[in-house]
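Morning, everyone. Let me put the structure up, and then I'll go through its salt bridges.

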Amino acid sequence: MPFSADHRPTPHRTPSPRSRRPGPRARRAAAALAAPVLGLTLLAPVAHATSGTDAEAAGRALLHRIGAPPTTSADGPVWSPTATGFASVPTDELPDGTTGGAGGRTVTVRDAAALAEAAAAEEPLTILVHGTLDVEPFGSMIDVASDKTIVGAATGGELVGGGLRLLEVENVIIRNLTFRDSYVAADWDGKSADNDNDGIRIDTSDHVWVDHNEFARLGDGQLDVRKDSTAVTASWNSFHDHNKTLGVGWTDNVVTTLTLHHNRFSNVHQRNGSIDNVALGHLYNNWLSGVSSYGTTSRGGSTLLVESSVYENARNPLILSGDAARLHQRDNLFRGNWGEEPAETGPTFEASDLYDYEADPVEDVVPLLSRYAGTRTTRDDRLGRQVTVAQDGTGDYLSIQAAVGAASRSPRPVEIVVGPGTYREVLTVWPGAEGLTIRGATGDPADVVVTYDKPASDWATATVLADGVTLRDLTLENAYDAEAGGPRETLALRDAAGGTVLDDVPLVGGGLSTDDPRHS
């Protein structure tokens, strides 16, 4: 059999007859016609599932099985047995909020084909993922049907080279999984025709909980919440070493309800998140550390509440895009950031009117997320003294920025040796990577070219924020097109640290700045 049934008893829940209720597409269409009133009328004040319910019992049994620690914070269990945030809000069809496959069978999968078969099943299932699953063909996505819990086993579960797609479904939980390495070499922007793969893509779906996962080095987006999806919560996830992290929107309707809490963003560029046309978005206790383009954006018609979060070493940490966008922020910690000052338009809404939560004190966010964000087995990179980058797949990493991110989390100085090629990416050496060396493998700087094409008002091709960094035998190029974009200052390198050494590093198409753009 492609997957094995697990015969341990699970609490019984009679599945709701799917023929008796409108699907997510029908509900989204109705929501679009009723917007913006519907988003408010569906959301009555509620509490989490009470102790002793089948949903909570099933959740606790699953956490015990995967060995989740019993740690608690001010907000409750770090590994909650039941959904949190907007995913916890009940409806007539889902009186316990998002419960996934609770009440159905538990099955075990050990390869991607078995996962695809189980995920597509019509019945409620809890799917335990064991080991490393290589998704084939590379860059493809596995479709997930309604009423599913997909969770990594106690020893770990990961999807490599692909992701999960939720299209017009409801009641799905995804926990304790690693999504990694669907990155297409030399396509840091995620624009090539064969690179439309995400870690998790949620389209026109309802009641989805994405909790305690790790996302690294993926193709396009790490987590995308799109096309009128509602009642979505992403919590306790680790997002790192990527360009486009978390995008929300792809719709003109303003109906999405979204909670982002206790997520860690490290060595990322843009969309952290980019939140477009979200009726109600609640972000709390998130930690963004190392953001080279922008942090959190309230875009279009979005209404956001951002609280008790940490933004450090981030360009444009908290911004607005569009005259209708609203954002209220309180009790956040900002340090070492640059660009626009954190945005504020005044009070928006109180999430406590909609579901139970208690934000952890902002001073507890970094230690909490350092230890508990990501999967049960997530650990910071354990690198040797030297790692390699090669676009042909023969190295440890396909991009320099991914290697730099890993080095910034290593407890010891690292040397990154870069194979020949043109690396179109934004390179930032973050605090924590002190003593780092990046050198071209051949000794000829013409063989390794790091290039990007933005003016200095946006960012430099390379930025150094850690002390004692050595760059050797490579070329830094700013390929900004002045003819197309108009004359602008360009930077190949911004050196905002001490003790930086440049050894045979030509700067092409842009100069060097030693100004430190950061402010408290």
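Start with Arg 424. Arg 424 is partly exposed, at a relative accessible area of 29%. Here, buried is under 20% relative accessible area, exposed is over 50%, and partly exposed is in between, using a 1.4 Å probe and protein chains only. Asp 453 is also in the partly exposed class, at 26% relative accessibility. The side chains of Arg 424 and Asp 453 form a salt bridge, 3.2 Å from N to O. Arg 424 sits in strand 29, residues 421-424, and Asp 453 in the loop between strand 32 (448-452) and strand 33 (462-464), so this pair ties together parts 29 residues apart in sequence.

Two bits of bookkeeping. This is a predicted model: local features need pLDDT of at least 70, side-chain atom pairs count only at pLDDT 80 or more, and totals for chains, interfaces and linings use all residues. Residues are numbered from 1 along each chain as its sequence is written, and side-chain values use heavy atoms, with hydrogens and water left out.

Terms, quickly. A salt bridge means a side-chain nitrogen of Lys or Arg within 4 Å of a carboxyl oxygen of Asp or Glu. Helices (H or I, at least four residues) and strands (E, at least two) are DSSP runs, numbered from the N terminus.

Next pair. Arg 472 and Asp 503 meet through their side chains in a salt bridge, at 3.0 Å from N to O. Arg 472 is in strand 34 (residues 470-472) and Asp 503 in strand 37 (residues 501-503), so the bridge joins parts 31 residues apart in sequence. Arg 472 is partly exposed at 27% relative accessibility. Asp 503 is partly exposed too, with 34%.

Now, buried or exposed: what about Asp 241 and Arg 217? Both are buried. They form a salt bridge, with the closest N and O atoms 4.0 Å apart. Asp 241 lies in strand 16 (residues 238-249), and Arg 217 in the loop between strand 13 (214-216) and strand 14 (221-226), so the pair links parts 24 residues apart in sequence. Asp 241 and Arg 217 also belong to a salt-bridge network with Glu 158, Arg 180, Asp 181 and Arg 409.

Zoom out. How many salt bridges are there in the whole structure? The search finds 22. The protein chain has seven helices and 39 strands. Of its 520 residues, 61% are buried. Take contacts (heavy atoms within 4.5 Å). Among those with a separation of 6 or more, 66% are between residues 24 or more positions apart.

That's my tour. Questions welcome.
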